[in-house]
Amino acid sequence: SGEHKVPYTSRPIPGWQRALYVLPVMSFMALASCGQGTGSAHHQKGDQMVTVVSPAQGVQADSLARQVARTVMTLWPDPSRSGQHAYKKWSYDEGVVLKGFENIWMLTGDPLYFNYMQHSMDDFVSKTGVIREYDSLSYKLDDINNGKILLTLARVTGKKQYWIAATSLRNQLNGQPRTFDGGFWHKKIYPNQMWLDGLYMAAPFYAEYAMVSQEDTAFNDVGK
């Protein structure tokens with residue numbers, strides 16, 4: 001890609017310390033979804049997203065959500081530049097943060113946020129669509145959450161690896177254990193347990209995938 005790799009010498013943030021950052025970050029990133037900008041044009045140039053932003057959007061973008069995003073990128077640098085990824089495993093909480101980045105990108109039209117989101121997923125998703133550190137047979141709804149980001153990347157860039165990776169998550173739902181009433185178990189190791197956050201992890205992805213793939217009959221299942 002021609003990008004210069006900046007050496008990253010900071011020690012990885014321990015899991016318990018990262019958790020202290022994640023909760024407030026997730027809360028603040030939700031601010032990004034409070035509105036959406038209009039009048040911007042998005043197009044792909046090589047591996048980067050290029051966007052034309054109106055002056056009004058530039059003013060609107062100077063928000064608390066954007067400040068928090070800058071903090072996130074300082075704590076957890078773009079893995080394509082730092083050479084290290086703050087998340088060592090396929091993790092739902094990274095998907096929460098990246099969904100915030102997606103909303104900020106939609107709000108501001110600034111490609112910085114899209115590129116961070118794409119590079120974060122590229123560190124896990126191979127060119128053939130295989131997801132590193134993902135075990136479909138664990139049947140964890142938490143693993144589905146990042147699929148929302150994959151769908152966005154697939155639709156915006158048109159690159160097949162994102163759709164293939166998203167499809168592997170969709171296929172997990174085919175074998176996901178269910179309750180008597182048809183609801184998904186939260187995890188294979190939690191028999192007959194449905195968790196509230198499981199609705200957040202899986203249902204939006206399931207619905208969006210069904211919409212994109214024109215799998216109309218799936219919407220009845222999404223509502224269970």
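Lys187 and Asp142 join their side chains in a salt bridge, 3.9 Å from N to O. The term covers a side-chain nitrogen of Lys or Arg within 4 Å of a carboxyl oxygen of Asp or Glu. Lys187 sits in the loop between α8 and α9, and Asp142 in the loop between α6 (111-122) and α7 (147-157), so the bridge ties together parts that are 45 residues apart in sequence. Both Lys187 and Asp142 are buried. Buried means under 20% relative accessible area, exposed over 50%, and partly exposed in between, with a 1.4 Å probe and protein chains only.

This is a predicted model, in which local features need pLDDT of at least 70 and side-chain atom pairs count only at pLDDT 80 or more, while totals for chains, interfaces and linings use all residues. Residues are numbered from 1 along each chain as its sequence is written, and side-chain values use heavy atoms, with hydrogens and water left out.

## Two further bridges

Side chains of opposite charge can pair when their charged atoms come close. The whole structure holds 7 salt bridges. One of these joins Arg155 to Glu208, at 2.9 Å from N to O. Arg155 belongs to helix α7 and Glu208 to helix α9, so this pair links distant parts of the chain, 53 residues apart. Arg155 is partly exposed at 49% relative accessibility. Glu208 is buried, with a relative accessible area of 17%.

Glu215 and Arg170 form another bridge, and their closest N and O atoms are 2.6 Å apart. Glu215 lies in the loop between α9 and α10, and Arg170 in helix α8, so parts 45 residues apart in sequence are tied together. Glu215 is partly exposed, with a relative accessible area of 24%. Arg170 counts as buried, at 6% relative accessibility. Helix α8 spans residues 160-175. Beyond residues up to four places away in sequence, Arg170 touches Phe205, Tyr206, Tyr209 and Glu215. Contact here means heavy atoms within 4.5 Å.

## Overall layout

The protein chain has 10 helices and 2 strands. Helices (H or I, at least four residues) and strands (E, at least two) are DSSP runs, numbered from the N terminus. The order from the N terminus is α-β-β-α-α-α-α-α-α-α-α-α.

Of the 224 residues in the protein chain, 45% are buried. Among contacts between residues at least 6 apart in sequence, 73% join residues at least 24 apart. The accessible surface of the chain is about 11700 Å², and 58% of it belongs to carbon and sulfur atoms. Accessible areas come from the Shrake-Rupley method with a 1.4 Å probe; for residues, only the protein chains shown count as cover.

## The nonpolar core

The largest nonpolar core has 42 residues. Such a core is a set of buried Ala, Val, Leu, Ile, Met, Phe, Trp, Tyr and Cys residues joined through side-chain atoms within 4.5 Å. Trp90, Phe101, Ile131, Leu150 and Leu169 have the most contacts inside this core. At least two core residues come from each of α3 (64-75), α5, α6, α7, α8 and α9. Helix α9 gives the most, with 6 residues.

Ile131 shows the packing in detail. Apart from neighbours within four places in sequence, Ile131 contacts Trp90, Phe124, Val125, Leu150, Ala165, Ser168 and Leu169.

Helix α5 (residues 92-108) has 17 residues and reaches 25 Å from first C-alpha to last, close to the 24 Å expected at 1.5 Å a residue. The expected span is 1.5 Å times one less than the number of residues. α5 is mostly covered, with 13 of its 17 residues buried. Gly109 follows α5, and its phi is positive, near 75°.

Ala202 is placed in helix α9 (residues 196-212). Ala202 counts as buried at 3% relative accessibility. Leaving aside neighbours within four places in sequence, Ala202 is in contact with Leu141 and Ile144. Ala202 and Lys140 are 62 residues apart in sequence, with their C-alpha atoms 9.7 Å apart in space.

## A nonpolar surface patch

Met211, Val212 and Phe219 make up a nonpolar surface patch with about 250 Å² of accessible area together. Patches are made of residues with over 30% relative accessible area and no salt bridge; like charges are joined within 9 Å, and nonpolar side chains (Val, Leu, Ile, Met, Phe, Trp, Tyr) within 5 Å. Phe219 lies in helix α10 (residues 218-222). Phe219 is partly exposed, at 38% relative accessible area.
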